[in-house]
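Subject: Structure handover

Hello,

Here is the structure I said I would pass on. My notes on what was found in it follow below.

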Amino acid sequence: MPAAWRPERVQVGEWRITALLDGTMRLDGGAMWGVVPKTLWARLTPPAEDNTIELALRPFLLERGDWKVVLEPGIGGHLEEKWRRIYALDRRTTLAFSLHALGLGPGDITHVVASHCHFDHIGGWLTRDAAEELAPLFPRAEHRAPAVEIEAAKSPDPARKGGYSPTNVRVIERAGLLRSYARDEELLPGLVAHEAAGHSDGVSVITVNEHGPGETAIFWADIVPTSHHVQPAYIMAYDLDVPRSYASRSKWLARAADEGWLGLFYHDSEHAFGRVTRASERYAFEALEGERQ
Ligand SMILES: [Zn+2]
């Protein structure tokens with residue numbers, strides 16, 4: 001997929017949304033599907049011989065007036081070699097590369113917004129400086145993440161440790177660029193973060209133009225990681241609080257389907273955009289192609 005990457009774009013209210021890419025990774029299909037039997041999930045996301053499935057790392061660029069917001073900055077290039085191998089990380093297309101393809105440099109970005117602080121969602125806001133030290137990739141941007149997630153990333157409890165890297169948060173904090181957000185906070189006009197915990201303790205979905213005229217979009221983060229995870233019970237093994245995850249997923253899937261919201265998908269390797277719809281007692285997914293740039 002990375003070789004064929006081309007930006008795809010939609011307009012939602014006053015916000016122009018472009019799908020970027022910070023590479024792909026592979027995770028065990030069983031972990032991505034939790035208690036769902038393989039006979040079922042293997043039809044939806046066919047695994048390779050080693051049982052892994054391909055996942056995108058897909059940041060989005062949200063533009064309105066002078067604001068240029070990177071939503072979910074990707075995994076970044078600083079994972080240790082051992083972990084790059086384990087995750088089969090392929091970064092032939094990176095966040096910086098995909099912004100460059102749109103004529104933008106790191107200094108043009110005014111805000112970075114993260115749904116939660118797992119390493120595969122925020123590592124991409126770091127780069128290496130001339131002295132090979134980790135530094136903010138976007139030196140002028142205000143970096144926003146849920147308060148609960150910033151604390152979890154800095155001192156994760158043992159059960160949650162695997163998903164976080166304290167460095168990812170500390171480098172941005174030391175640079176004076178980190179600002180936490182509270183649950184249900186409006187980050188910029190028309191951009192609202194709603195806590196939807198369960199996958200992690202502070203993970204949020206981000207809505208775009210929820211109250212404005214015209215359509216609404218929802219960034220699903222890890223609440224609905226791929227377009228196949230649209231049934232409330234399709235909960236990843238990574239979600240540590242399963243009942244809470246079920247409640248969050250049920251609430252937001254119903255709202256998005258009933259109000260016809262456009263979904264933005266972070267990990268889906270094929271679809272950046274699409275709608276969740278009701279199909280009798282279940283949900284279905286309808287892909288939407290953005291305008292190719
Ligand atoms: Zn996560």
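This is a predicted model: local features need pLDDT of at least 70, side-chain atom pairs count only at pLDDT 80 or more; totals for chains, interfaces and linings use all residues.

The site of the zinc ion is irregular, with angles of 87 to 172° among its four donor atoms.

The protein donors of the zinc ion are H116 through NE2, H118 through ND1, H199 through NE2 and D222 through OD. These donors lie 2.1 to 2.2 Å from the zinc ion. Along the chain, their spacing reads H-x1-H-x80-H-x22-D. H199 sits in the loop between β13 and β14, while D222 sits in the loop between β15 and α8, so the pair ties together parts that are 23 residues apart in sequence. Both H199 and D222 are buried.

Seven strands make up an open sheet, ordered β12-β13-β14-β15-β16-β17-β18, and the pairing is mixed. At its edges are β12 (185-188) and β18 (282-287), each of which pairs on one side only. From one strand to the next, the twist averages 30°.

Within the sheet, β13 (residues 191-195) and β14 (residues 204-208) run antiparallel and are joined by five bridges. In this pair, E195 of β13 stands opposite S204 in β14.

What packs on the sheet? Helix α8 (residues 242-258) does, touching β13, β14, β15 (217-219), β17 (273-279) and β18. The direction of α8 makes about 95° with that of β17.

For the chain as a whole, there are eight helices and 19 strands. The C-alpha trace of the protein chain spans about 55 × 45 × 35 Å along its principal axes. A compact globule with 293 residues would have a radius of gyration near 19 Å, and the protein chain has 18 Å, so the value agrees. Of the 293 residues, 56% count as buried. Among contacts in the protein chain with a separation of 6 or more, 66% come from residues 24 or more positions apart.

Regards

Conventions
Residues are numbered from 1 along each chain as its sequence is written. Side-chain values use heavy atoms; hydrogens and water are left out. Two strands pair if DSSP finds at least two bridges between them. Helices (H or I, at least four residues) and strands (E, at least two) are DSSP runs, numbered from the N terminus. Axes are lines fitted to C-alpha atoms, for helices over the stretch in contact, and angles run from 0 to 180 degrees between N-to-C directions. Contact means heavy atoms within 4.5 Å. Donors are N, O and S atoms within 2.8 Å of the metal (3.2 Å for Na, K and Ca); water is not among the atoms, so sites may look incomplete. Four donors count as tetrahedral if all angles lie between 85 and 135 degrees; four count as square planar and six as octahedral if opposite donors are over 155 degrees apart and all others between 65 and 115; anything else is irregular. Buried means under 20% relative accessible area, exposed over 50%, partly exposed in between (1.4 Å probe, protein chains only). The radius of gyration is taken over C-alpha atoms; the globule rule is 2.2 Å times the number of residues to the power 0.38.
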